[in-house]
Every structure is written in structure tokens, then in C-alpha cells.
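Hi everyone, thanks for coming. Have a look at the model on the screen, and I'll talk you through one part of it.

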Amino acid sequence: MAEPYLKNRKRFTSSLKNELIEQFDRLSAQTRIPKSRLLDEAIEDLLVKYGKIDNKDKTTP
């Protein structure tokens, strides 16, 4: 089956602790925010924390 075309995103694979996956699934379901958007926010927060981007340059709240 062909991969869907992603215009503004890039697919990548990773792994997480089992406990984090369960909590992440619940958070996405409870907030009705897609996991990809939650991951965008988390990665931006990490980039701010480590000084790779400024807080004012974040695109997520």
C-alpha cells in the first residue's frame, strides 16, 4: 500500500516506555488533541529547554 503524501510533516519512528504510551494515549483521548500535535508541542518545549529555539518562536501554546 502506498504511503500517504505528507506536505507539512515528515514521518519518523521512535519508541517510548510502556507507561508513557498508556498515559499518552489517555491524554490524547481526553483532550481530543491528535498525538502528532501533542508531540509537536513536546518537541518544541524540549528545544526551548535546551536553547535551540526561543520561547517566542514556538508555534504551539
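This is a predicted model: local features need pLDDT of at least 70, side-chain atom pairs count only at pLDDT 80 or more; totals for chains, interfaces and linings use all residues.

Residues are numbered from 1 along each chain as its sequence is written, and side-chain values use heavy atoms, leaving out hydrogens and water.

Okay, helices (DSSP runs of H or I, at least four residues, numbered from the N terminus). H1 and H2 pack at about 110°, with axes 10 Å apart; axes are lines fitted to C-alpha atoms over the stretch in contact, and angles run from 0 to 180 degrees between N-to-C directions. That makes H1 roughly perpendicular to H2, a word we use for 65 to 115 degrees.

So who touches whom? Phe24, Asp25, Leu27 and Ser28 in H1 meet Lys35, Leu38 and Leu39 in H2, where contact means heavy atoms within 4.5 Å. Those contact residues split into 4 nonpolar, 1 polar and 2 charged.

Now the largest pocket. It has 24 lining residues, with Phe12, Phe24, Lys35, Ser36 and Leu39 nearest its centre. A pocket here is an open set of points on a 1 Å grid over the protein atoms alone, where a 1.4 Å probe fits, with protein on both sides within 12 Å along at least five of seven lines; lining residues have an atom within 4 Å of a point. H2 gives the most to that lining, 9 residues.

Methods:
Helices (H or I, at least four residues) and strands (E, at least two) are DSSP runs, numbered from the N terminus. Angles under 35 degrees count as roughly parallel, over 145 as roughly antiparallel, 65 to 115 as roughly perpendicular and the rest as oblique. Ala, Val, Leu, Ile, Met, Phe, Trp, Tyr, Cys and Pro count as nonpolar, Asp, Glu, Lys and Arg as charged, and the others, Gly among them, as polar.
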